[in-house]
Amino acid sequence: MLRLTRIAAIALIGLAVLLAVIALMIGRKPEAPAHVAPVSSADPQAITVVEAVARLPAGEPITANGLRLAQRTTAVAGAATSIGAVVGKVPVQDIAEGSAISTSALAQGFSLQLRPGERALAVPVDELVGAGNRILPGDFVDVFLNLRNAQPSASGPGDTAQTRLLLSRLRVLSYGQQDIAPAAADSTDSSNGEPRNDPRAADITGSSSAGASTSNDANQPARSAVLAVPVADANRLLLGAQQGKLFLALRNPADTGLPDLALFPQPRGVIDPVRGLDAEQQLALQRPENSAFAGIDGDALAGRGNAPARASPQAPGRAPAARQSAPRASGIEIIRGDSSAPRGSL
């Protein structure tokens, strides 16, 4: 009996030693993986940027196929981190393959406010021209033309003055020192989430400080207004500013009424189209760019020498012939009572 007790005690002591060895080995195992696991495989400092898959030429909109996401270990100033934020943007310079897309390499600013087919043109304004300086960027205006009375000369009689609507519902991009707010800018105050006082206009200087120089610039009277003009109407606006005086009439933005140009004869261009154009080329003459290239002169602007509304481009109209008065016979008349009779010519 004593012998069995000793054997059991020795077995228990051996089992305890074995368990102690196993516990010691298990306690040392976590230290080994800490040595082996590479820190660089999951670097928390890695930065995701948008790269160019191939060369992105300047002036061409960027598509999603030309972009990819890449990991960088160092930060890239102004780099985009989302493909959606870059698609559709236009580079101002060529972007090499593998280069990170930076916002400084993309078109931004005033030109992005223009819609397809529009051009930004500046016209001189004052308090009278600019509706008492009540116009703000983002408003819509009608442009009225006042042609002054031309004095008669030896070549012909003078022209009477006229005033008429020149262009209708043009968008104001800038007025004086105020510039229309960028389309991508948030119109709410980030501090409290409330709308800003005037989300349409922002300081053209881009400065948020209330320094004396900015205050002085804001108090200066407006001298120019930048309008978004359809390219086909740019000639009218420029010639009207040179030949007469323009007036901006402020209109309600919800008022979308426009004149029906099909009711009036269209003026001839300065440059006549070539002869022998086919049907497709004749339709191309009506494109705004081609219409602007044909130009307009002072007579057409004043409503003189207008071409018929459906004049064929292959047969350019001729300038109106000068009026010729009927010749008057010179002679001597002898008037007696209620009758008169010519008595020969001198």
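Biologist: Why is Ala131 called partly exposed?

Modeller: Ala131 has a relative accessibility of 30%. Buried would need a value under 20% and exposed one over 50%, so Ala131 falls in between and counts as partly exposed. Please keep in mind that this is a predicted model.

Biologist: Where does Ala131 lie, and what is its phi?

Modeller: Ala131 is in the loop between β3 (118–124) and β4 (140–147). Its phi is near 55°, a positive value in a residue other than glycine. Asn133 is found in the loop between β3 and β4 too, with a phi near 60°, again positive in a residue other than glycine.

Biologist: And what makes Asn133 partly exposed?

Modeller: The relative accessible area of Asn133 is 32%.

Biologist: How confident is the predictor in the chain?

Modeller: The average pLDDT of the chain is 76, and 69% of the residues score at least 70. Over residues 184–214 the pLDDT is below 50, and this stretch has 31 contacts in the model beyond near neighbours in sequence. Residues 338–346 also have a pLDDT below 50, with 15 contacts beyond near neighbours in sequence.

Biologist: Good to know before I read anything into those stretches. What makes up the fold?

Modeller: The chain has seven helices and 11 strands. Of its 346 residues, 22% are buried. Among contacts with a separation of 6 or more, 71% join residues 24 or more positions apart. The accessible surface comes to about 24,000 Å², and carbon and sulfur atoms account for 56% of that.

Biologist: Which residues of helix α4 are buried, and what do they pack against?

Modeller: In α4 (residues 234–243), the buried residues are Ala234, Leu237, Leu239 and Gly240. The buried residues of α4 pack against β3, β4, β5, β8 (224–230), β9 (245–251) and α7 (298–301).

Biologist: Let's turn to Arg169. How do you know that its charge sits over the ring of Phe140?

Modeller: The charged end of Arg169 is 4.1 Å from the centre of the Phe140 ring. The distance limit is 6 Å, so the pair meets that part of the test. The charge must also lie within 35 degrees of the ring normal, and the pair is listed as a charge over a ring.

Biologist: Which residues does Arg169 touch?

Modeller: Leaving out residues up to four places away in sequence, Arg169 touches Phe140, Val141, Asp142, Arg251, Pro253, Asp255, Thr256 and Leu258. As for Asn252, Arg169 is 83 residues from it in sequence and 9.5 Å from it in space, C-alpha to C-alpha.

Biologist: What makes Arg304 and Asp299 a salt bridge?

Modeller: Their closest N and O atoms are 2.9 Å apart, which is within 4 Å, so they form a salt bridge. Arg304 is partly exposed at 34%, and Asp299 is partly exposed at 41%. Elsewhere, salt bridges that share partners join Glu51, Arg68 and Arg72 into one network.

Biologist: How many salt bridges are there, and how many aromatic pairs?

Modeller: The count comes to 10 salt bridges, while the structure holds zero aromatic pairs.

How values were computed: Residues numbered from 1 in each chain as written. Predicted model: local features only at pLDDT ≥ 70, side-chain atom pairs only at ≥ 80, totals over all residues. Heavy atoms only, no water. pLDDT = per-residue confidence, 0-100. Contact = heavy atoms within 4.5 Å. Phe/Tyr/Trp six-rings, centres within 6.5 Å; stacked < 30°, edge-to-face > 60°. Salt bridge = Lys/Arg side-chain N within 4 Å of Asp/Glu carboxyl O. Buried < 20%, exposed > 50% of the residue type's maximum accessible area, 1.4 Å probe, protein only. Helix = DSSP H or I, 4+ residues; strand = E, 2+ residues; numbered from the N terminus. Areas by Shrake-Rupley, 256 points an atom, 1.4 Å probe, with all protein chains shown as cover.
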